[in-house]
Amino acid sequence: MPEPAAKLRKHSVKLSGHSTSLSLEGVYWDALKEVAGEMDLSMNGLIERIDKERSGNLSSAVRVFLFQYYRQQAAQGGAARLPATPPAGAEP
């Protein structure tokens with residue numbers, strides 16, 4: 001059974017006035033909430049922004065956006081944070 005961070009969760013979002021659903025692993029929903037707060041956007045607002053700039057699947061576009069966001073933060077010496085608990089099976 002996958003750990004909660006890796007388990008897919010589906011949420012409904014509104015994009016350009018239309019409802020759609022988006023399936024992402026829990027860790028990505030947590031990251032979206034965090035990044036949206038840092039950017040002073042709602043989570044839906046951030047997803048709309050990602051949607052406008054994407055060229056493929058929305059779930060993949062969100063994952064790529066978050067990867068690039070955190071990669072840029074790390075390159076700029078941003079606050080790289082480690083998970084509070086190591087992933088299952090990780091060595092201490």
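**View 1. Overall organisation of the protein chain.** The chain contains 3 helices and 2 strands, arranged along the sequence as β-β-α-α-α; helices (H or I, at least four residues) and strands (E, at least two) are DSSP runs numbered from the N terminus. Of its 92 residues, 25% are buried (under 20% relative accessible area, with exposed being over 50% and partly exposed in between; 1.4 Å probe, protein chains only).

View 2. E25 lies in strand β2 (residues 18-25). Its side chain makes a polar contact of 2.9 Å with that of R63 (N or O atoms within 3.5 Å; within protein, one able to donate a hydrogen and the other to accept it, and residues adjacent in sequence counting only if both atoms are side-chain atoms).

**View 3. R63 and the ring of Y28.** The charged end of R63 sits over the Y28 ring, 5.5 Å from its centre (NZ of Lys or CZ of Arg within 6 Å of the ring centre and within 35 degrees of the ring normal).

**View 4. Aromatic cluster of F65, Y69 and Y70.** Ring pairs join these three residues (Phe, Tyr or Trp rings, the six-membered one for Trp, with centres within 6.5 Å; planes under 30 degrees apart are stacked, over 60 edge-to-face, the rest tilted). F65 and Y69, 4 residues apart in helix α3 (residues 58-75), are separated by about one helical turn. The rings of Y69 and Y70 are edge-to-face, with centres 5.4 Å apart and planes at 90 degrees. Y69 is buried, at 13% relative accessible area, whereas Y70 is partly exposed, at 31%.

**Notes.** Residues are numbered from 1 along each chain as its sequence is written, and side-chain values use heavy atoms, leaving out hydrogens and water. In this predicted model, local features need pLDDT of at least 70 and side-chain atom pairs count only at pLDDT 80 or more, while totals for chains, interfaces and linings use all residues.
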